[in-house]
Amino acid sequence: GLTALAHATTMAEADYKVAKNRIGTDYTAAKAACASLAANAKDICIEEAKAKESVAYAELESSYTGKPADQNKVLVAKAEASYAVAKEKCDDLSGNAKDVCVQQAKAAETKALADAKMGKEIGAARKDAAEDKRDADYKVAAEKCDALAGDAKAACVVTARAKFGKS
């Protein structure tokens, strides 16, 4: 009946197990390839391998179950993985440039998570998501103002507050 039809669209358990093993093998190989790198390049390589693995597992789970909740977990995994990699890349910078880089990475993650949340609970989440995105953009703008001084900094902060509806 209906359950057989629903199950037909998802993958067979044997295929699921094979795919799951392949993800583990791919991760091990990707991580091993990072060994030849040094310093932050190695850290970035490892973060990218972890990111690929977590997204692949989420996508596999989603294909296997076909559940909307698991499809949502894919979006969350992608957001978190992108943030981890972006944040690691910021380590090559220092001072305000690094702070801005981290804030931009966090803003991108916040927006992606807000989009995932929106897909999950459309109505009420839309307002929250828009607010989260605006707050994230404001934090980036405010961080950029920190590179300035005196009147220029004050003017920058006023402009940022006005642009993102902060009083």
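How many disulfides does the structure hold? The structure, which is a predicted model, holds three.

1. Pairing of the cysteines. When the bonded cysteines of the protein are numbered in sequence order, the pairing reads 1-2, 3-4, 5-6. The three disulfides are taken in turn in the next points.

2. Cysteine 34 and cysteine 45. The sulfur atoms of cysteine 34 and cysteine 45 lie 2.0 Å apart, and the two residues form a disulfide. The link is left-handed, with -80 degrees about the S-S bond. Cysteine 34 belongs to helix α2 and cysteine 45 to helix α3, so that distant parts of the chain, 11 residues apart, are linked. Both cysteine 34 and cysteine 45 are buried.

3. Cysteine 90 and cysteine 101. A disulfide joins cysteine 90 to cysteine 101, with 2.0 Å between their sulfur atoms. At -80 degrees about the S-S bond, this link is left-handed. The pair connects distant parts of the chain, with cysteine 90 in helix α4 and cysteine 101 in helix α5, 11 residues apart. Cysteine 90 and cysteine 101 are both buried.

4. Cysteine 145 and cysteine 156. The disulfide of cysteine 145 and cysteine 156 has its sulfur atoms 2.0 Å apart. The torsion about its S-S bond is about -80 degrees, and the disulfide is therefore left-handed. Because cysteine 145 lies in helix α6 (residues 122-145) and cysteine 156 in helix α7 (residues 150-163), the pair ties together parts that are 11 residues apart in sequence. Cysteine 145 is buried, its relative accessible area being 0%, whereas cysteine 156 is partly exposed at 22%.

5. Packing of α3 and α4. Helix α3 (residues 39-65) packs with helix α4 (residues 68-90) at an angle of about 175 degrees, and their axes are 8 Å apart. Angles over 145 degrees count as roughly antiparallel, and α3 and α4 are therefore roughly antiparallel to each other. The residues of this contact comprise nine nonpolar, five polar and 10 charged.

6. Salt bridges. The structure holds 11 salt bridges, and three of them, each within one helix, are described here. Glutamate 13 and lysine 17 meet through their side chains at 3.4 Å, N to O. These two residues lie four residues apart in helix α2 (residues 13-34), about one turn of the helix. Glutamate 13 counts as partly exposed, at 46% relative accessibility, and lysine 17 likewise counts as partly exposed, at 49%.

7. Glutamate 47 with lysine 50. In the salt bridge of glutamate 47 and lysine 50, the closest N and O atoms are 3.9 Å apart. Both residues lie in helix α3, three residues apart, about one turn of the helix. Glutamate 47 is buried, with a relative accessible area of 16%, whereas lysine 50 is partly exposed at 37%.

8. Glutamate 109 with lysine 106. What is the N to O distance in the salt bridge of glutamate 109 and lysine 106? The side chains meet at 2.7 Å. Glutamate 109 and lysine 106 are three residues apart in helix α5 (residues 95-120), and are therefore separated by about one helical turn. Glutamate 109 is buried because its relative accessible area is 8%, under the 20% cut-off. Lysine 106, at 35% relative accessibility, counts as partly exposed.

How values were computed
Residues numbered from 1 in each chain as written. Predicted model: local features only at pLDDT ≥ 70, side-chain atom pairs only at ≥ 80, totals over all residues. Heavy atoms only, no water. Axes fitted to C-alpha atoms, helices over the stretch in contact; angles between N-to-C directions. Parallel < 35°, antiparallel > 145°, perpendicular 65-115°, else oblique. Nonpolar A, V, L, I, M, F, W, Y, C, P; charged D, E, K, R; others polar. Salt bridge = Lys/Arg side-chain N within 4 Å of Asp/Glu carboxyl O. Buried < 20%, exposed > 50% of the residue type's maximum accessible area, 1.4 Å probe, protein only. Disulfide = S-S within 2.5 Å.
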